[in-house]
Each structure stands twice: as structure tokens, then as C-alpha cells.
Amino acid sequence: MLLLIIGITGDLGQRLAREAMARGVQVRGLSRNPDKLKPEISENLESFVCSYAYNDISALDKAMAGVDAVICAYTTDSILYLDGNLAVLRATERAGVKIFFASSFTNDWTNIQRGDFPLYDPLISFVDQAELTSSVNPIYIINGTFAEWLFHEPTDGPIKRTYYGRADEFKASWTTMDDAAAYTIEILLHNPDVQEGRGGVFHIRSGEHTLREQAEIFQNITGKKLELINGGDLKNAEEALEAARKKDHRDLWGYLLEASSVVAAKGLWEFKKPVLNLDHVRKPTTLEEHLVQRYNVSKT
Ligand SMILES: NC(=O)c1ccc[n+]([C@@H]2O[C@H](COP(=O)([O-])OP(=O)(O)OC[C@H]3O[C@@H](n4cnc5c(N)ncnc54)[C@H](OP(=O)(O)O)[C@@H]3O)[C@@H](O)[C@H]2O)c1
């Protein structure tokens with residue numbers, strides 16, 4: 001199998017490439033900055049196509065020639081979720097490629113409506129557009145939050161997490177990037193819907209914990225404090241979102257936390273759909289294991 005990874009120079013892209021190669025898949029890369037690739041990846045690629053932007057159609061067409069499958073792993077970005085994914089989708093149509101993992105690897109947008117979490121609106125628009133207009137059925141991976149993004153430490157003082165309502169009691173799914181890469185390549189290689197070009201939405205995860213459990217494990221492993229702050233009820237969360245959104249509704253990152261808090265307070269980040277069990281491919285990393293490795297803590 002020849003797999004094209006778009007955005008191969010990224011955190012996830014390089015992990016996907018490493019995992020695919022380890023499983024005997026030939027990998028071609030497409031990206032703007034090949035110098036970001038680790039040597040063990042660049043030296044083992046079938047080939048690399050350099051593009052100047054997501055809408056570099058001739059680079060996309062060149063990279064698609066003869067490939068069996070495409071995974072798009074562009075960075076988290078509203079233009080790339082819609083315009084970037086669409087440019088890749090149209091290139092897969094022209095090349096006759098039937099297996100296309102769209103750039104996703106997100107929290108669960110299937111439980112929410114447009115406007116609930118605006119960063120995902122362009123992705124939801126892409127899903128609708130592909131469904132209405134394309135002969136290719138994209139594949140979407142939903143993995144919750146990447147573990148690497150779970151605990152963002154400020155330069156001064158402890159991590160503080162504000163939640164609303166009972167958001168601290170709902171289970172939130174999370175996945176390490178290495179687990180996500182291993183499970184994605186397994187889905188590519190062995191899922192019958194994927195193989196037959198039927199696409200689909202796949203839920204994967206390393207684990208799920210409430211905010212309280214996350215805080216407790218973080219403190220136990222690292223010895224550092226993670227402060228949970230109750231900001232009030234759902235109405236307070238909605239007011240905080242409204243105030244933040246008013247500043248500049250186009251600045252999606254500017255009110256990302258407030259939007260996420262409203263969804264969390266409604267319990268809508270919890271996975272409601274079945275999760276694929278792929279333990280036979282790779283034992284899911286525990287949160288404790290992730291933190292031990294990340295903080296270089298010696299095991300007792
Ligand atoms: N659920 C979560 O918590 C979470 C967190 C992070 C990411 N994600 C998802 O994981 C996937 C990969 O994310 P990542 O963290 O691995 O991304 P990343 O490392 O930030 O970036 C991946 C690649 O995207 C390319 N890129 C960036 N801006 C671009 C642009 N304007 N036009 C074209 N290419 C551009 C870059 O390649 P070049 O510079 O070489 O072109 C970069 O190496 C995304 O689908 C994202 O949604 C999920």
C-alpha cells in the first residue's frame with residue numbers, strides 16, 4: 001500500500017508516518033517545510049512533494065498519483081478544516097483515490113450543533129459538503145483531547161481550570177498522539193468500511209476521566225497543583241461565552257475556552273457513541289504512564 005500523508009511534518013503527521021512504515025506501508029509526504037522532518041522519516045519516504053500552500057493544486061495532484069490512501073494531518077485551523085480538506089477531497093476525486101482520512105482528530109463534534117464550538121463549524125461544514133457533493137466518503141477520527149494538550153502549564157503559578165455546573169463530573173476522553181497514530185493506521189489497514197471506500201466516523205481513545213480525576217492523577221504523579229475553579233452554573237458559562245465572543249467573533253481562539261466550557265457544562269464532550277476497541281494493536285496508554293513519561297518522573 002502507498003499512503004500519502006499531508007501535513008507529514010507535524011506532531012501527528014510524523015507519528016502517523018513512523019507507525020505506517022513500521023507496519024510495512026510505503027509513505028509519501030506532502031508539506032511546505034520538509035526540513036521539519038526527522039531523518040528517520042525523511043530517509044524512509046517513498047517520495048516527498050513540496051507544496052507552497054493548502055491550495056497548491058498542482059502539488060496535490062502530483063502527490064496523489066498512484067496512491068492507495070490519503071491521511072490529512074494539517075494543523076488545527078478553521079481554514080484548513082474547510083478549505084484545506086476540500087482541496088484534498090477534490091484532488092482525491094480527480095485521482096480516483098477512495099480512502100481519505102480528513103484532517104480531524106478532534107473532540108466529538110457529532111454531539112454538538114453549529115455555533116456551539118465555532119472552531120469545529122468549518123469541519124462540520126466540510127462533512128456536509130463532502131456528503132452532498134462528493135463520490136469520496138471521508139473518514140473522520142474522533143479521539144477527544146490529545147493528552148499532549150491536556151495540561152498546559154502557565155509560566156507563573158499552578159494550572160487553573162475553570163468549569164461550570166457539573167462539568168467536573170462528566171467523563172472526558174483523551175488520547176496520546178502515539179496511540180492515535182497506531183489506531184488510525186490499524187483502521188486504515190483493517191477496517192472493512194474503510195477498505196471498501198464507505199468512509200465513516202471512528203471514535204478512539206486512550207482513556208476517559210472526569211476533570212477531578214485528571215487533577216488528582218496530575219497532582220499524584222507530578223507533585224504539582226492543578227486548581228479547579230467553579231465559575232458558576234450553565235447560565236454563567238453562557239454569559240462568559242457571550243462576553244468573550246462579543247470582543248471579536250472571528251477570533252475563534254479568543255473564546256475557545258468559554259465555548260468549550262459551555263459544551264462541557266452540558267455534558268456534550270462525553271462520547272455517546274461506541275468506541276473502537278483496538279487494544280490488540282496497542283495497549284492504550286494510561287494517564288499515569290503519559291505523565292510519568294512527559295514529566296520524566298522516575299517510577300517507584
Ligand atoms: N484533539 C486535540 O486535542 C488536538 C490537538 C491538536 C491537534 N489536533 C488535530 O490533529 C491533527 C494534526 O495536528 P498537529 O498538532 O499534528 O498539527 P501541527 O503539528 O501543528 O501541524 C501539522 C502541519 O500542518 C502544516 N500546516 C500548518 N499550517 C499550514 C497552512 N496554513 N497551510 C498548509 N499546511 C499547514 C504544517 O506543515 P508544513 O509547515 O511543513 O507545511 C505542519 O507541520 C489536526 O487534524 C488537528 O485537528 C487535535
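**Terms and the values behind them**

Guide: Helix 1 gives the most to the shell around the ligand, with 3 residues, where helices (H or I, at least four residues) and strands (E, at least two) are DSSP runs numbered from the N terminus. This is a predicted model, in which local features need pLDDT of at least 70, side-chain atom pairs count only at pLDDT 80 or more, and totals for chains, interfaces and linings use all residues. Residues are numbered from 1 along each chain as its sequence is written.

Visitor: Why is Tyr120 called buried?
Guide: A residue is buried if 20 or more other C-beta atoms lie within 10 Å of its own, exposed if 12 or fewer, and partly exposed in between, with C-beta atoms placed from the backbone. Tyr120 has 23 other C-beta atoms within 10 Å, and therefore counts as buried.

Visitor: Where is the place of Tyr120?
Guide: Tyr120 sits in the loop between strand 5 (99-101) and helix 5 (121-133). Leaving aside neighbours within four places in sequence, Tyr120 is in contact (C-beta atoms, placed from the backbone, within 7 Å) with Thr106 and Trp109.

Visitor: Which are the buried residues of helix 3, and what puts them on the same side?
Guide: In helix 3 (residues 57-64) the buried residues are Ala59, Leu60, Ala63 and Met64. They cover an arc of only 130° around the axis, which puts them on the same side of helix 3, the arc being that of the directions from the helix axis to the C-beta atoms.

Terms used
Contact = placed C-beta atoms within 7 Å.
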